[in-house]
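Please keep the sequence and the structure in view while reading.

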Amino acid sequence: MRILVTGGAGFVGSSLALAFKRDNPTADIIAADNLKRRGSELNLPRLRDAGIRFEHADIREPEDLAALGPMDLLLECSAEPSVQAGYSGSPAYLLDTNLRGTLNCLETARRHDATFVFLSTSRVYPIDPLRALPLTAKNDALTIPGGANGPGWSAHGIAEDFPLDGHRSLYGATKLASEQFIEEYRAAFGLKAVINRCGVLAGPWQMGKVDQGFMCLWAARHLYGGKLSYNGFGGLGHQVRDVLHVADLYDLLVRQLADLETSAKGVWNVGGGAANATSLRRLSAACADRARRELEIASHPDTNPADIPWFVTDARRAATAFGWTPKKSLDTVIDEIFDWLETEREELQPLLS
Ligand SMILES: NC(=O)c1ccc[n+]([C@@H]2O[C@H](COP(=O)([O-])OP(=O)(O)OC[C@H]3O[C@@H](n4cnc5c(N)ncnc54)[C@H](O)[C@@H]3O)[C@@H](O)[C@H]2O)c1
């Protein structure tokens with residue numbers, strides 16, 4: 001078994017590579033990454049110690065991918081993962097990596113007859129209809145009133161049949177376009193591909209920054225100090241996301257790969273669901289508890305054009321199809337992040353505070 005993980009030094013890529021190696025010690029696993037994300041280099045010793053080969057490679061360059069040789073499974077985990085990317089300055093890097101680079105990976109999988117796993121995003125769902133949901137504020141968090149529902153939405157969250165008309169951010173568009181090409185490769189070449197539309201993923205070894213990886217950023221700033229602000233939607237911190245531990249994503253992937261007959265069709269919403277959702281303000285309280293200090297949090301009421309007030313993943317379809325449920329609660333995710341920040345303080349504090 002030979003597995004190529006593109007973006008293999010990133011948060012999800014390194015977590016999946018390490019989990020696959022732990023459970024398949026004889027597998028030949030290659031983590032390829034261009035180390036664009038600050039902090040990804042901190043994962044290199046962990047990969048090396050586990051017996052995973054690291055290759056410096058850029059998915060925008062087909063020759064880089066060709067040099068990596070054949071594989072049985074290609075996990076495409078590289079991306080510019082920020083939904084705010086491309087708005088100030090040029091969107092070229094975003095488009096070249098998330099669309100053209102993903103197509104290079106897809107073509108690599110076709111050439112080697114490899115199974116392809118694509119980490120798509122909840123942000124393929126369009127912004128205006130998400131902003132138009134009937135949200136009310138309750139206990140410092142936006143919520144959908146019980147019983148309210150519409151096409152593809154309910155208090156359980158956003159499901160796969162939420163209508164796709166409308167704009168969705170440059171990032172979301174690169175992911176949706178990639179999904180469509182994957183669908184074409186399935187039909188044209190019989191490529192086996194799993195498409196998971198992931199909500200917020202979190203856990204230790206995520207190098208949180210202001211525009212991506214808010215769970216780690218929030219915890220790190222509470223523990224190490226630094227600034228935080230509630231941005232958008234009135235600056236109240238009431239916006240909500242559900243959170244999935246990356247180990248639960250791995251658990252699902254193993255089940256999906258064991259049942260490609262089911263998983264390699266359509267798309268799957270993947271997330272922690274309503275039970276693991278939090279607003280920023282509630283997250284602040286949870287972090288203040290663990291860090292034993294309150295942080296003064298600024299407020300910027302203006303909303304970024306790519307932002308949405310509420311996203312909870314309705315992942316019940318995947319749960320039923322694969323007998324899967326997330327095992328790590330929101331509290332466990334936060335606890336694990338704090339443990340990691342304490343243990344690796346020396347290396348992480350300069351990066352995350
Ligand atoms: N983290 C989340 O909450 C989340 C949610 C939904 C989807 N996703 C998707 O999951 C995947 C992994 O995200 P992540 O959170 O690990 O992000 P990450 O930034 O931690 O990892 C991405 C890695 O890709 C690398 N990379 C960037 N451009 C590259 C290029 N041109 N060639 C090779 N490597 C390149 C980066 O250096 C980084 O190490 C992405 O596709 C992302 O869109 C993530």
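## Crossing of α7 and α13

In this predicted model, the axes of helix α7 (residues 214-224) and helix α13 (residues 345-352) come within 10 Å and cross at roughly 105°, and the two helices are therefore roughly perpendicular to each other (65 to 115 degrees). Axes here are lines fitted to C-alpha atoms over the stretch in contact, with angles running from 0 to 180 degrees between N-to-C directions.

Contact means heavy atoms within 4.5 Å; A220, R221, L223 and Y224 of α7 meet R345, L348, Q349 and L352 of α13. The residues of this contact divide into 5 nonpolar, 1 polar and 2 charged.

## Helix α6

The 20 residues of α6 (residues 170-189) should span 28 Å at 1.5 Å a residue, and the end C-alpha atoms are 28 Å apart, which agrees; the expected span is 1.5 Å times one less than the number of residues.

After α6 comes G190, with a positive phi near 70°.

## The sheet β8-β9-β10

An open sheet is formed by 3 strands in the order β8-β9-β10, with antiparallel pairing; two strands pair if DSSP finds at least two bridges between them. Its edge strands, β8 (149-150) and β10 (157-158), each pair on one side only. Between β8 and β9 (residues 153-154) there are 2 bridges, and N149 stands opposite S154 in β9.

## Basis of the values

Residues are numbered from 1 along each chain as its sequence is written, and side-chain values use heavy atoms, leaving out hydrogens and water. Local features need pLDDT of at least 70 and side-chain atom pairs count only at pLDDT 80 or more, whereas totals for chains, interfaces and linings use all residues.

Methods. Helix = DSSP H or I, 4+ residues; strand = E, 2+ residues; numbered from the N terminus. Parallel < 35°, antiparallel > 145°, perpendicular 65-115°, else oblique. Nonpolar A, V, L, I, M, F, W, Y, C, P; charged D, E, K, R; others polar.
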